[in-house]
Amino acid sequence: LHCGPAASAWLGKRTLLGDTVNTASRMESTGRPNAVQCSPAMAALIAQQDPALPLAPRASPVHVKGKGSMPTLWLGPPPSLPSSPAAAVAAAHDPLADLGGAGPEDGMPPADLPDPGPLSLGPLNALRDSAVAAAAATPPARPP
C-alpha cells in the first residue's frame with residue numbers, strides 16, 4: 001500500500017497514472033504472501049485513522065526500482081519466513097507457489113537466521129507523528 005497524488009484517465013480503459021501508482025506497483029514485488037506491506041506515508045495515514053492497527057517496520061529497507069532504498073512496514077504482524085532454507089528452495093521451484101522471496105535482496109533476513117524478536121515501535125510512532133504533522137501543514141493541491 002502507498003498513498004499520494006495520482007491521476008486517472010480513459011486510455012481504452014480506466015487507467016491510474018502517476019508516481020504513487022508506480023511506487024505501489026514496485027513495492028508489490030518486495031512483498032510477502034499473505035502480508036500487507038505499506039510505505040511510511042501510508043502507515044502514517046493508517047495510524048491516524050486507527051491507532052490500534054498494528055504496524056511493524058521491516059528489519060531493513062527494501063530496494064524499490066526507481067526509488068532506491070525505501071523503509072516499509074507490515075500492517076499486522078510481520079509474515080513468517082519459510083521454516084528452513086530447504087523449504088524456501090522448494091517453494092521457489094514450485095511453479096504454483098506464491099513467490100514472495102526471502103532474502104537480503106528483498107529486505108528480509110535469510111530463512112536460517114533466528115527471529116530478532118519484537119521490534120520497538122518508538123521510532124515508528126515518531127515517524128507517524130512527523131508524517132501526520134507534515135501532512136497537516138501541506139495545503140491541498142488545487143487543480144489548474
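Is Lys67 buried, exposed or partly exposed? Select this residue to begin the tour of the model, which is predicted. Lys67 has a relative accessibility of 39% and therefore counts as partly exposed.

**First stop: Lys67 and Asp19**

Lys67 belongs to the loop between strand E5 (62-64) and strand E6 (68-70), while Asp19 belongs to helix H1 (residues 19-28), so the pair ties together parts that are 48 residues apart in sequence. Asp19 is likewise classed as partly exposed, its relative accessibility being 45%. A search of the whole structure for salt bridges returns 1. In general, side chains of opposite charge can pair when their charged atoms come close.

**Second stop: Arg58**

Select Arg58 next, in the loop between strand E4 (55-57) and E5. With a relative accessibility of 7%, Arg58 counts as buried. Now display the backbone of Thr30: its oxygen lies 2.8 Å from a polar atom of the Arg58 side chain.

Proceed to Thr72, located in the loop between E6 and strand E7 (73-75). This residue is buried, at 3% relative accessibility. Beyond its neighbours within four places in sequence, Thr72 is in contact with several residues, including Arg58 from the previous stop and Cys38, the subject of the next.

Select Cys38, which is buried with a relative accessible area of 0%. Its contacts, leaving aside neighbours within four places in sequence, include Leu1, Met27 and Thr72.

Cys38 is also a member of the largest nonpolar core, which has 7 residues in all; select Met42, Ala43, Ile46, Ala47, Leu55 and Leu73 to complete the group. Helix H2 (residues 40-49) gives the most to this core, contributing 4 residues.

**Last stop: Cys3 and Cys38**

How many disulfides does a search of the whole structure find? The search finds 0. To see the reason for Cys3, display its sulfur together with that of Cys38, the closest cysteine sulfur: the separation is 9.0 Å, too far for a bond. Cys38 is accordingly in no disulfide.

Conventions: Residues numbered from 1 in each chain as written. Predicted model: local features only at pLDDT ≥ 70, side-chain atom pairs only at ≥ 80, totals over all residues. Heavy atoms only, no water. Salt bridge = Lys/Arg side-chain N within 4 Å of Asp/Glu carboxyl O. Helix = DSSP H or I, 4+ residues; strand = E, 2+ residues; numbered from the N terminus. Buried < 20%, exposed > 50% of the residue type's maximum accessible area, 1.4 Å probe, protein only. Polar contact = N/O pair within 3.5 Å; in protein donor to acceptor, adjacent residues only side chain to side chain. Disulfide = S-S within 2.5 Å. Core = buried A, V, L, I, M, F, W, Y, C linked by side-chain atoms within 4.5 Å. Contact = heavy atoms within 4.5 Å.
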